[in-house]
Amino acid sequence: MKNLTIAILWVLFAICCTYGQTYKVTGKVVDEQNQIVPYANILLLRAIDSTFVQGTSANDEGFFELVEVAPDLYLLQASYVGRGSEPRALDITTDVSLGALIIPLSDNELDEVVVTAQRPKLQRLPDRLVFSVENTVVSQGTSWDILKNTPGVIVNQDQLLIRGQNATVYLNDRKVQLSGQEVQDLLQGLSGTNIKSVEVIANPPASYDAEGGPILNIVTSKNIVPGYKGNVNGTFTQAVFPKFSMGTSHYYKTDKLNLFANYTINPQKEINKTNKGINFIDSSDAVFSVWDTDYDQTNRSQSQNASFILDYTFDAQNSLNVTSNLLFNLDQEQETVLNTDMGNAQAQLDSTFATRNSSNLDNTNLAFDLTYVHKLKKEGAQIRANGHYTYFNGEMFQRLSTNYFDANSSFLRDFGFDTDSDQQIKIFTGQLDYSAPIGSASFETGAKLSSITSESTMDFYNFNGSSNTVDASQSDRYIYDEDVYAAYLSFVKNWEKWSMKLGVRGELTKAEGNSITLGQTNTQDFFEPFPSVYVLYSPSDKHSFSFDYGRNIERPKYNDLNPFRFFYNENDYEEGNPSLKPAFSNNFNLNYTLNSEYFFDLYYRDNGNHISYLVFQDNDNQTLVELKQNVLESKSYGLDFTLSKSIMPAWFVYAYTSFFHEEETFLAEESGNVPFTNEISGVYSYLGNYLTLSNDGTFTGEVAATYVSKFLFGSYVSDEQFNLTIGLRKTLFDNKVTVSLAAEDILEQYVPTYRSKYLNQDNFYRRRPETQFIRFGFTYNFGNFRLEDNERGIDKKERDRLQSPN
């Protein structure tokens, strides 16, 4: 592997690369009396289909400038207060200085040249797959719907997966810093009509942090029109318990200033039913005790999320962005009732016990981000500086009590304790980037510093009864400090039928974790390079081939490092692992595209010592512990096929099938510490039908089906699952009001059973969250609601490792 890294580094510095040449278009806007028209909107459209490419606004003297325009045939149009110039055809092969664009300010109305219904398009770029949905039937749903329909994306309840790895959601290249369910709630309230495309980045290039897996980047339409807009939106969901969410967004733009503010409240009451079974096995490999547990967990929460964004353009060379997010979820209640039947080998009841586990949680998450961009005099060159700060605080108080009974329901004994925990995490990052064309090469470089401090405490007290597994010595204080110093280089070249992107990132990590009670200190001090290679060959418009390779790092989540235990009952608990180490992966992909409708992807991923979710049963003490652990080795490979095609103008079909193999080898701690390989071969299939049900396109429908044969989840293997969904969406009153109705998991077959069965281990669980529901949604737009906004998230991989207490 080191030889490969050295070879790639030599290639990076040996090849002279170039980025595709771009040009500049300048001009002036006047009316029919040759009077200047200040602040007019300038739209550059692709000539072949009138789709939007980019836009800007004229200054106070009527002059405008469009930069980084790729060679192509375009239409250029100026507009002002609903009136527009005649579209001017441009064949861009060099810089263009136009005369005046004339806007008649009498009775001529602006032609609706940009509202052109298109079919979704897939485009293979060297380092990503672009799913373009602007002005298509797919964009008539929510942003969450678009992500679910994006090629290569597997949806597992509230998780978005790409080739078995959790995908990170970005909005305009800034990370959405929320949990899986909160991301889903947010995107279900963001209309797909604002979305231009979704970028699937399976192997993130060198400019992204080496940590983490694939990325789903949502790109919104360009913001070009001054004014104000706002909306109020909400959903009502009927599942086991009814629930709702409400939110409001406000956006204001002038020539230099963009302001965005948003507030959402999401009260929830949910029930999660779980059935868990354990077959305890003796030294002769015979079952001697069978436990069966029913969990009823009820969660009450009232999550609130507020965000504020300011963009200010000082002049053509200098701009500033300030982004702040506040997420707080106070007074959460989690009530879990567990009833366990303990039987002998013949399944005859021996005894029972009942546990009540009550928890109160408070979580606060504050993020502040500042970015300054300075464009240099050299065309296409710029410097970008970014500073980021995150403060996270999670508190939890837990009260657990258990009563034991014999087979005749006579009371035997009781046991209980309380825990009080707190975790505070502070993250600071600073980054400086420089990009510029150098000769025939496009060059980008940057450096970043990340500093993380995490301090956690856990106190056990108020013990009653006796237990072999829990005592007051579980109390602890855990301090974790981590500094990461990173730098990267990236080159891009396009020529004739080829495109190539090469990059390398280096990261120096220094970390220390200290458990006060255990008297244990774990340190990390290492430097690692992370090369990436992307090659695309397009012999014709109908065929393209691509190859990419990337090396990444997976860092443990801060909460997984804490040596604390969270108890469901005294025999069943989750435990932190301060000995977790970062894991390194190597990803290879080979792709073929036919006619931008048929996509074939062959991939292989060596995950190395992947951090996996494992469960071990102690047959002697009759306990079950769940924890994260570095496996000995892990790999996966597969073949994906995607069909993206319009059957007829009102019917678009998207089909995705993945044949995959996954395997992990880990140390079986409760089976003589022998290596064991857990592996599966499976298939994932998705078929989506998107229908336009009215001539004007305001009434749309969706019917989708998902099937998973089996899935690997650490030491568990899931059985098959199937999900059928139906959705309808209608816009009213000239797009001022949108209403939607959706039904999920109609057949109630989207709840698999996970089983861990090997050597002397045999246990399973089947968790039944509220996957079956009917949801009604609405959005009311006011102001100039056709404006596109500057909403975005905060791009910080360090925040992705935040994990609140259970």
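Me: Buried means under 20% relative accessible area. With that in hand, what is the relative accessible area of arginine 555?

Reply: This is a predicted model, so take the value as computed from it. Arginine 555 comes out at 7%, so it is buried.

Me: Which residue forms a salt bridge with arginine 555?

Reply: The general idea is that side chains of opposite charge can pair when their charged atoms come close. Here, arginine 555 pairs with glutamate 507, with the closest N and O atoms 2.7 Å apart. The arginine sits in the loop between β30 and α4 and the glutamate in strand β28, so the pair ties together parts 48 residues apart in sequence. Glutamate 507 is buried too, at 3% relative accessible area.

Me: How do β24 and β25 pair, parallel or antiparallel?

Reply: Antiparallel, over 24 bridges. They form a hairpin with four residues between them, and serine 409 in the turn has a positive phi of about 70°.

Me: Which strand does β25 join through 22 bridges?

Reply: That's β26, also running antiparallel to β25. Isoleucine 427 has isoleucine 452 in β26 as its bridge partner. There's also a polar contact of 3.3 Å between the side chains of glutamine 423 and serine 454; glutamine 423 lies in β25 and is buried at 2% relative accessibility.

Key. Residues are numbered from 1 along each chain as its sequence is written. This is a predicted model: local features need pLDDT of at least 70, side-chain atom pairs count only at pLDDT 80 or more; totals for chains, interfaces and linings use all residues. Side-chain values use heavy atoms; hydrogens and water are left out. Helices (H or I, at least four residues) and strands (E, at least two) are DSSP runs, numbered from the N terminus. Buried means under 20% relative accessible area, exposed over 50%, partly exposed in between (1.4 Å probe, protein chains only). A polar contact is a pair of N or O atoms within 3.5 Å; within protein, one must be able to donate a hydrogen and the other to accept it, and residues adjacent in sequence count only if both atoms are side-chain atoms. Two strands pair if DSSP finds at least two bridges between them. A salt bridge is a side-chain nitrogen of Lys or Arg within 4 Å of a carboxyl oxygen of Asp or Glu.
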